[in-house]
Amino acid sequence: MENPNPVRLLVVDDEQHIADLVATVARYEGWLAATAGSGTDALARAAEFAPDIIVLDVMLPDFDGFAVLDRLREKHGAVPVVFLTAKDATSDRIAGLTRGGDDYLVKPFSVEELMARLRAVLRRTSGTDKPRAAVLAVGELTLDEETHEVRRGGQLAELTPTEYELLRYLMRHSPAVLTKAQILDHVWEYDFGGRSNVVELAVSRLRRKLDTESEPLIHTVRGVGYAVRQAER
């Protein structure tokens, strides 16, 4: 069932490909997302879009993210903000947090980590983000999002962090088929270069760890992508 009150995310970054990527991943999560490429644009978009949370770049072409945050606070109250920036000095991090930011992430970044931080900020500040079920299950395959334990038929599987994120993404969307492009955008960093063969290799490793002794749950849909689901009988 579609969420009647989805999280509304505004992504402010003058690098359009980054803003679009974060917005796209948020939409996969069922959120509504809008983008802005400058401070002036961000203030206008915030007024019309009424975001629940904002990803805000510090270095913008007209005025910096700290000034944007000050104006947002004046007009929209305590909307939570996660700073996203290339500036990684400790003084910059402290400035971002002391000026009212709720979190601070440095480029280059993992989109999965950013989404996790956004969900954490929402839980802390407003509770508008409804946590997913702690345990995902497809047939005898289970993934515990709290303990990060993956089991097939009760047997614990040892996965790398990337394999875990790939499996979680597939299981969250089961039985849907996800394309290599979707998987790259969500599991790997935004600047990975579109090398879709890394998806094939990671899926192959997952199969060796999860599907070798049981009915396959990880399926290739030729010309489309991959899915985790039980085979049709």
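I take helices (H or I, at least four residues) and strands (E, at least two) as DSSP runs, numbered from the N terminus. On that basis I count eight helices and 12 strands in the chain.

Ground rules: I'm working on a predicted model, where local features need pLDDT of at least 70, side-chain atom pairs count only at pLDDT 80 or more, and totals for chains, interfaces and linings use all residues. Residues are numbered from 1 along each chain as its sequence is written, and side-chain values use heavy atoms, with hydrogens and water left out.

Whole chain first. I looked up burial (under 20% relative accessible area, 1.4 Å probe, protein chains only) and got 45% of the 233 residues.

Next, a sheet. Pairing here needs at least two DSSP bridges between two strands. I found an open three-stranded sheet, order β10-β12-β11, paired antiparallel. Its edge strands, β10 (178–179) and β11 (218–221), each pair on one side only. Between β10 and β12 (residues 225–228) I see two antiparallel bridges, and Leu178 sits opposite Tyr226 of β12.

Which strands does helix α6 touch? Helix α6 (residues 161–172) packs on the sheet against β10 and β12, its direction at about 75° to that of β12. Helix α8 (residues 197–210) lies across β11 and β12, at about 145° to β11. These angles run from 0 to 180 degrees between N-to-C directions, with axes fitted to C-alpha atoms, for helices over the stretch in contact.

How values were computed. Buried means under 20% relative accessible area, exposed over 50%, partly exposed in between (1.4 Å probe, protein chains only). Contact means heavy atoms within 4.5 Å.
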